Amino acid sequence: MSRLCKALDGVATIRQTNEAEVPPKDVSLRVTIKDVSREAGVSIKTVSRVLNNEKYVGAETRARVTAVVERLHFRPSSAARMLAGRRSFQIALICDNPSPYYVYEMQSGIRDRCEEAGVRMIAQPYDRQSQRLLADIESLIDSTQIDGLILTPPASDDPAVLALLAARAVPFVRVSPGRDAPPSPATFIDNRRAAREMTGHLIGLGHRRIAFITGDPGFATSAQRLAGYRDALAAADVAVDNALIQPGDYGFASGAAAAAALLALADPPRAIFAANDEMAAGALSVAHQHGVKVPGALSIAGFDDTPIASMVWPPLTTIRQPTRAMAYQAANLLLAADAGGSVQQLELGFELVVRGSTAPPRV
């Protein structure tokens, strides 16, 4: 009997020890806005204003509320925020671009700003050839009740898309829109001036037979960059040879096809300027296949400074377009417009980056 009692005592001790070792439930699941209000010593309305990044909250109060939110691991209910402010705290990106690097940078920039504001980003693929395009965008609006959209080319210049958003009164910001489009919040660089500077760089190296691979004609940036190329040739009194202007679609394969056509000319170019890095990389691959030395026999330049520009050999001379910053600022403009801010068009700077793919023509 004594042994049985001792055994039972041991079991009880083990049970008590194991129960003590079970971690407590996550109390953050039970934290409410009232708890934050009480701990910070402010009203629930003030906490709500801080969470929604609204105006009229002092810096000291905002910092105190933020500190309590972090300490209590408070996570506001999306449903509650929607009911309180009649907002979904979601914005959508409409993007169609053959360059995965461009799409990644665009998504990353928007996501960075959304995380700061406690807003969710939804990425919606865009196919301008689809007959269901407008229906899909309208379905997105209805199913998510998004607070606004960010449109990248070519959606940023699609009259049907713009008309739909205007009719539905959905706020939007456009990235790299065409100059002839109606005024609206937008972020962009001066594509024409950037292409003019790149072409001028090649002319400054001594090149005169300079080819240009255009982008997708559905993108406003394509016409802008082609115009910059023509501007630079005219300024240097270099005649435009239409045989040196080859079509592309911003994809690697189109750059390769254009370069193959250019190198097959009786008088091939000594330099190729492609309207983006993907096509420039395609041109570079064809040059290697044909045994054409780059940059000794042929200089190649791109546009955007996406990661592929540094991955290929030789690395590409290119225009550094601040894609991630444009995306971040587009989200910033959209959030400002949603809060009642004024319409803004923000031009960002660019940089000509010289690398190993360009050099003076070999005599």
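In strand β8, I272 is the bridge partner of A211. This pair belongs to a predicted model. Four bridges in total join strand β6, residues 210-213, to strand β8, residues 271-274. The two strands run parallel.

Helices pack on this part of the model. Helix α10, residues 220-235, lies across β6 and β7. Its direction makes about 170° with β6. Helix α11, residues 252-263, also packs on the sheet. There α11 touches β6, β7 and β8, and runs at about 150° to β6.

The sheet itself is open and has four strands. Their order is β7-β6-β8-β9, and the pairing is parallel. Strands of a sheet pair through backbone hydrogen bonds, in either a parallel or an antiparallel sense.

A second open sheet is built from six strands. Here the order is β2-β1-β3-β4-β5-β11, again with parallel pairing. The edges are taken by β2 (120-125) and β11 (345-347). Each of these has a single partner strand, so one side of each is without a neighbour in the sheet.

C95 stands opposite P125 in β2. Helix α7 lies across β1, β2 and β3. It runs at about 160° to β2.

Helix α7 also packs against another helix. The axes of α7 (residues 133-144) and α8 (residues 159-168) come within 10 Å. They cross at roughly 30°. That angle makes α7 roughly parallel to α8. The crossing of α7 and α8 is right-handed. On the α7 side, the contact involves L133, L134, I137, E138, I141 and D142. These meet A160, V161, L164, L165 and R168 in α8. Eight of the contact residues of α7 and α8 are nonpolar, three are charged and none is polar.

Helices α9 and α10 form another contact. The axes of α9 (residues 191-204) and α10 come within 7 Å and cross at roughly 40°. This makes α9 oblique to α10. The crossing of α9 and α10 is right-handed. Helix α9 contributes N191, R192, A195, R196, T199, G200 and I203. From α10 come T221, Q224, R225, A227, G228, Y229, D231, A232 and L233. By class, the contact of α9 with α10 holds six nonpolar, six polar and four charged residues.

Helices α2 and α3 (residues 44-51) pack at an angle of about 105°. Their axes are 9 Å apart. At this angle α2 is roughly perpendicular to α3. The contact joins I33, K34, V36 and S37 of α2 to I44, V47, S48 and L51 of α3. Five residues of the α2 and α3 contact are nonpolar, two are polar and one is charged.

Helix α2 (residues 33-40) also holds R38 and D35. The side chains of R38 and D35 form a salt bridge, with an N to O distance of 3.0 Å. The two residues are three apart in α2, which means they are separated by about one helical turn. Side chains of opposite charge can pair when their charged atoms come close. The structure as a whole holds 18 salt bridges.

P153 and P154 are joined by a cis peptide bond, with omega about 0°. P154 lies in the loop between β3 (148-151) and α8. Another cis peptide bond joins V294 and P295, and its omega is about 10°. P295 is found in the loop between α12 (277-289) and β9. D237 has a positive phi of about 60°, although it is not a glycine. The loop that holds D237 lies between α10 and β7.

Key
Residues are numbered from 1 along each chain as its sequence is written. This is a predicted model: local features need pLDDT of at least 70, side-chain atom pairs count only at pLDDT 80 or more; totals for chains, interfaces and linings use all residues. Side-chain values use heavy atoms; hydrogens and water are left out. Axes are lines fitted to C-alpha atoms, for helices over the stretch in contact, and angles run from 0 to 180 degrees between N-to-C directions. Angles under 35 degrees count as roughly parallel, over 145 as roughly antiparallel, 65 to 115 as roughly perpendicular and the rest as oblique. A crossing is left-handed if the near helix is turned anticlockwise from the far one by less than a right angle, and right-handed if clockwise. Contact means heavy atoms within 4.5 Å. Ala, Val, Leu, Ile, Met, Phe, Trp, Tyr, Cys and Pro count as nonpolar, Asp, Glu, Lys and Arg as charged, and the others, Gly among them, as polar. Two strands pair if DSSP finds at least two bridges between them. A salt bridge is a side-chain nitrogen of Lys or Arg within 4 Å of a carboxyl oxygen of Asp or Glu.
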